[in-house]
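Biologist: I would like to learn how to read a model like this one, feature by feature. Could you walk me through it?

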There are 2 protein chains.
Amino acid sequence: MSTRSTAPLAVVAFPEHGRQTRVAVGKTLLDAAHAAKFEVSNVCAGRGVCGKCRVIVSAGSEHLSPIDNLERMSLSEQDIKQKFRIACCAKITEAGSIEVQIPSESLTQVQQLLVAGVQPEVDLNPLVGKYLITLSKPSLLDPRPDLERLVEALRAEFHLPELKTEYLALTRLPYALREGAWEVTATISKDGVITWVEAGQTNGRLYGFAIDVGTTKLAGYLVDLKSAAVLAKASVSNPQTAFGSDVISRISYASKGASELAELQCMVIDASNTLIRECCVGANIEPREVFHVVMVGNTAMHHLFLGIPPKYVALSPYTPVLRSSFQTNANRIGILGNPGCLLSALPCVAGFVGADAVADVLATQIHKSRSMVLLIDIGTNTEIILGDERRLICCSAPSGPAFEGAQIAHGMRAEVGAIERVWIDQKTLEAEYSTIGGEKARGVCGSGVVDAIAGMRRAGLINLSGRISPEANSLRLRKTNGLMEYVLAWKEETQTEHDIVITQQDVEEIKLAKAAIYAGTSILTRHLNVDTEDITRLFVAGAFGTYVDPYSARAIGMYPDVPLGRISFVGNTAGAGARMVLLSEEQGTEAQRIAETMEYVELAADKDFPKAFTDSLYIPHRNAENQPRSTG
Amino acid sequence: MSTRSTAPLAVVAFPEHGRQTRVAVGKTLLDAAHAAKFEVSNVCAGRGVCGKCRVIVSAGSEHLSPIDNLERMSLSEQDIKQKFRIACCAKITEAGSIEVQIPSESLTQVQQLLVAGVQPEVDLNPLVGKYLITLSKPSLLDPRPDLERLVEALRAEFHLPELKTEYLALTRLPYALREGAWEVTATISKDGVITWVEAGQTNGRLYGFAIDVGTTKLAGYLVDLKSAAVLAKASVSNPQTAFGSDVISRISYASKGASELAELQCMVIDASNTLIRECCVGANIEPREVFHVVMVGNTAMHHLFLGIPPKYVALSPYTPVLRSSFQTNANRIGILGNPGCLLSALPCVAGFVGADAVADVLATQIHKSRSMVLLIDIGTNTEIILGDERRLICCSAPSGPAFEGAQIAHGMRAEVGAIERVWIDQKTLEAEYSTIGGEKARGVCGSGVVDAIAGMRRAGLINLSGRISPEANSLRLRKTNGLMEYVLAWKEETQTEHDIVITQQDVEEIKLAKAAIYAGTSILTRHLNVDTEDITRLFVAGAFGTYVDPYSARAIGMYPDVPLGRISFVGNTAGAGARMVLLSEEQGTEAQRIAETMEYVELAADKDFPKAFTDSLYIPHRNAENQPRSTG
């Protein structure tokens with residue numbers, strides 16, 4: 001690939017998705033799709049055998065390699081007529097313009113889920129509603145004030161209880177009435193506040209916006225509150241990352257003073273407004289037409305978003321400022337939207353179990369499950385929720401940043417060039433791997449490390465206590481500076497021109513990380529007095545959980561020993577839960593009920609946690625048979 | 001007085017009031033007091049005979065003329081020992097420093113009233129209260145969020161209903177709790193909102209601020225909500241005057257667009273904040289300790305203060321945007337105070353009868369009167385209220401700016417050099433007058449014009465229909481450009497070196513102005529079917545009404561024919577009413593009830609108004625005997 005930088009480039013466009021990329025001649029359409037940030041299904045890691053990465057080449061097929069026999073094994077004559085190609089087989093042979101469609105079935109479920117998350121059906125009953133009304137014109141004999149005229153007519157026509165009025169609505173009211181020739185549309189919240197008044201008939205247009213404020217990323221969804229349709233989605237990095245990738249360093253910064261707190265708040269509000277603007281442009285809607293914004297996030301993000309000091313969330317006993325649902329005018333914290341737009345922040349549970357966890361429950365409906373369900377949302381702090389319709393219990397396990405590649409010898413974030421999948425042959429002890437974007441390896445990300453350690457354990461290269469065997473007969477095993485390590489990628493294969501290895505220390509770090517989760521889970525099961533077998537479903541939420549191979553995750557003891565068939569990836573359930581609250585007032589009440597009834601276990605204060613943690617510092621765990629379960 | 005500019009100056013200080021002025025040798029202490037803007041009682045117009053202008057010279061008496069015989073007629077030996085002087089007699093004889101105290105009985109009732117207004121006793125029960133509470137410290141076993149901990153403790157200790165929290169209070173809460181070592185003082189409004197939390201015990205300090213937003217002037221009062229004491233008062237010009245002295249031109253400007261409206265709003269908010277700052281400095285209180293601000297003003301001022309478009313208040317049928325009491329966080333419109341400070345705007349009645357009129361009723365308690373009461377608050381628009389405990393009726397009479405000196409040949413505002421009092425000898429037909437500040441006359445202000453016309457009428461120089469007689473035998477009567485006029489001051493006596501006259505046209509202007517008031521009053525009496533004799537009390541409110549001589553005002557037919565003994569000057573009742581609402585929630589409810597029940601008569605729509613107006617275009621009015629009533 002030494003010619004890469006000088007190779008001629010082809011332009012590959014994905015008109016349906018509005019994306020375009022330039023890739024070097026010699027690359028495949030799969031490479032192009034990756035470069036354009038699509039996550040195309042690709043079970044065989046680009047070997048042309050699984051046939052999952054089907055795409056349609058709608059123009060420029062003359063710049064591609066002809067369909068070969070391998071490709072024909074996955075394509076029917078009909079497919080070929082419809083211009084289907086297997087993306088990993090179709091090589092770009094010369095510079096030119098190529099147009100590609102990616103059918104949604106060819107996108108990974110991962111990608112679909114990550115943005116959207118599962119979302120149960122919800123009866124449409126949003127917190128704000130629009131009311132079209134025609135008023136009598138004032139006269140010398142009936143000079144009632146504008147507001148009184150409006151309120152009396154609304155109450156009479158719609159049998160509404162007493163109405164209050166949002167201050168900012170008054171600044172618009174007289175003009176709206178006269179511009180609409182006394183026909184206006186009032187937006188009224190369920191608690192009887194007129195939040196805005198528009199001239200004429202606008203009651204067909206009512207929009208909401210859900211924001212999931214993650215520590216690393218914000219995801220936003222523009223929702224039509226008349227049809228429940230998600231009209232646009234967008235995501236953006238959390239700009240607070242400049243003050244540290246973990247919540248603790250941001251809390252420290254925000255705790256320096258009022259202006260530092262305001263600075264972090266501004267950052268996340270600006271990023272949220274970027275999402276709103278982007279989605280509104282995409283859907284051809286004015287931000288002024290957004291009447292309700294629902295926000296979820298972990299407790300620290302929740303506090304920073306609202307500009308509430310998060311200092312004591314980080315200090316024992318980890319006390320949030322508030323836990324209950326909170327509502328105010330969105331304008332007051334600088335959120336873009338209608339001047340009368342409501343902002344709802346979902347309730348939190350505790351310092352480290354936030355509104356996102358409440359939304360997770362709402363979206364997965366654990367609180368209505370007849371049988372026992374476990375939900376794991378893996379992050380620097382991993383939220384674990386266990387329960388059913390009778391009782392819900394949760395904790396936050398301090399799993400640390402190892403799964404994000406931190407504190408791992410050759411660890412890196414899940415970016416292009418990261419080894420994300422690893423297969424170790426149990427006989428030859430050889431490793432195969434795939435990287436993100438298909439580029440030469442630069443390092444290994446969390447899912448790769450988990451795969452590697454699971455593979456090493458299955459191949460007997462690691463024992464129950466996690467010690468890398470010094471005896472196994474493989475060139476890939478060696479001792480450096482007195483510590484054992486396993487070579488994942490030889491330097492010839494890497495961009496860094498150094499071997500990429502998994503060290504004994506890496507195994508220790510992953511053991512600590514996964515032990516926190518495993519121990520947290522076992523504390524919860526102990527509290528509810530349930531066995532692993534009782535867990536009928538394991539929901540894995542969030543980005544990392546969705547990327548990591550469940551077989552490997554279970555093999556290293558990150559998840560309890562449930563059959564693989566019981567594991568479901570639920571994606572961004574935090575965002576899905578926020579959308580549900582947009583769609584229905586009852587879901588907001590439900591969220592409050594969940595937050596109030598969900599029991600919180602502070603692991604730091606649990607007397608059984610130290611032992612549970614120590615018992616989890618094995619691979620998979622002390623109580624496992626020597627070989628971990630290998631089938632689902 | 002040609003030496004005035006070169007005369008040596010003495011410094012006269014009024015240390016008790018923190019004022020000081022420089023006056024020329026030869027001037028009196030009364031001149032000095034006027035220069036320092038005191039209004040000293042001065043019934044004899046500085047002739048040394050009434051003895052009302054008693055002051056104490058605490059230092060520098062050697063720079064004054066010795067006590068003469070005239071002065072000794074008003075001072076006892078005891079008074080002289082206590083260093084009393086008659087201010088209009090004590091002349092400054094040489095340059096030097098003099099310190100003077102003005103006992104409050106020597107200030108005019110006018111000045112006392114103008115700032116304060118009458119104010120009935122009110123049971124102290126403010127809308128916001130402070131609650132001192134000690135909380136348990138959070139621990140791993142009790143990690144309840146700060147807000148929950150606070151709310152639960154408050155509810156338990158004070159038996160409070162459900163509590164909500166003002167958004168901004170959350171931004172302070174965690175720090176307040178810890179700085180106070182879990183002892184905090186929460187401020188809670190009567191409707192169950194925690195508006196702020198302070199560290200430690202601050203429940204002895206709770207302040208409110210009342211603002212009367214006049215078209216020309218703002219008056220502010222800092223009130224101790226624990227003792228009902230008025231701690232400081234201040235007034236400032238309404239800076240909106242730059243956009244016109246009348247409400248209509250300001251409404252026009254504000255109606256140009258959102259930024260013009262915002263501009264006018266900012267001006268009045270800035271001026272209000274100046275008052276708050278000034279009063280707080282004076283009373284050694286932090287603006288942060290102000291937890292409730294009550295605002296009154298006419299409907300246009302009310303709308304501009306809140307940033308609500310007043311456009312349609314000025315256009316028939318003169319519809320305000322809202323009439324009812326309005327409350328929001330004061331912060332939201334930029335008012336200085338605690339971040340959780342509440343702002344209450346008193347209710348309005350109609351486009352030209354505003355919250356100030358409602359406050360007038362509250363302060364004068366007309367709505368509780370057993371007998372019929374009339375209240376007149378004279379301005380460009382004159383509010384007239386008539387009624388008793390059973391029924392209240394009001395109107396706004398378009399009296400125009402003539403009483404402010406506009407459209408009068410030599411008219412001017414009530415400023416230094418304005419002729420403010422006129423006496424015309426019924427035999428000699430000669431005029432005597434006094435000017436504001438005792439300076440040479442520059443023109444004549446409203447009260448002077450009213451006095452002059454009343455005097456001319458009594459002296460037979462004007463007939464019932466207001467015609468200046470061309471026959472009377474006086475040098476002061478003459479015809480200029482075919483129109484009759486009466487010379488008030490000869491050019492030798494004036495600063496302008498022109499004669500100051502009252503013209504036939506001036507009489508016509510005043511007739512129009514007073515006719516509006518008289519006709520408005522008669523429409524109200526007709527509506528309630530009462531006779532003038534039934535009016536047991538006539539309250540005259542506001543600055544102009546307090547300055548104008550009631551004997552003259554009645555003589556020209558500005559007031560109905562009630563005995564003078566029934567007329568009471570009630571001063572700034574708008575400010576007094578606002579203070580009552582600060583002191584007691586019930587008064588706020590009462591204000592709302594007054595606004596709702598007070599009947600409004602739109603004179604422009606009243607079929608009897610045109611005739612009533614025409615009948616009032618006489619002096620005093622068509623139905624008067626030829627000579628107006630001359631005794632009270």
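Modeller: Gladly! Let us begin with burial: a residue is buried if 20 or more other C-beta atoms lie within 10 Å of its own, exposed if 12 or fewer, and partly exposed in between, with C-beta atoms placed from the backbone. Helices (H or I, at least four residues) and strands (E, at least two) are DSSP runs, numbered from the N terminus. This is a predicted model, where local features need pLDDT of at least 70 and side-chain atom pairs count only at pLDDT 80 or more, while totals for chains, interfaces and linings use all residues. Residues are numbered from 1 along each chain as its sequence is written, and chains are lettered from A and ligands numbered from 1 in the order in which they are written.

Biologist: Why is H12(A) described as largely enclosed by the rest of the structure?

Modeller: Because twelve of the 13 residues of H12(A) are buried. Among them are Val449(A), Val450(A), Asp451(A), Ile453(A) and Arg457(A).

Biologist: What span does helix H12 of chain A reach from its first C-alpha to its last?

Modeller: The expected span of a helix is 1.5 Å times one less than its number of residues. H12 (residues 446–458) of chain A reaches 18 Å, close to the 18 Å expected. After H12(A) comes Gly460(A), with a positive phi near 80°.

Biologist: How many residues of H10 of chain A are buried?

Modeller: Eight of its eight residues, in helix H10 (residues 299–306) of chain A. They include His302(A), His303(A) and Phe305(A). Just after H10(A), Gly307(A) has a positive phi of about 75°.

Biologist: Now sheets, please. In what order do the six strands of the open sheet in chain A lie?

Modeller: Two strands pair if DSSP finds at least two bridges between them. Here the order is S12-S11-S10-S13-S15-S14 (chain A), with mixed pairing. Strands S12 (230–237) and S14 (326–329) of chain A are at the edges, each pairing on one side only. From one strand to the next, the twist averages 15°. Strands S10 (residues 207–213) and S11 (residues 217–224) of chain A run antiparallel and are joined by seven bridges; Val213(A) stands opposite Leu218(A) in S11(A).

Biologist: Which helix lies across S10, S13 and S15 of chain A?

Modeller: For angles, axes are lines fitted to C-alpha atoms, for helices over the stretch in contact, and angles run from 0 to 180 degrees between N-to-C directions. Two residues are in contact if their C-beta atoms, placed from the backbone, lie within 7 Å. The helix is H11 (residues 355–364) of chain A, running at about 105° to S13(A).

Biologist: Finally, how many residues of chain B are in contact with chain A?

Modeller: There are 35 residues of chain B in contact with 35 residues of chain A. Helices H5 (146–158), H6 (167–170) and H7 (173–179) of chain B each give two or more residues to that side of chain B.
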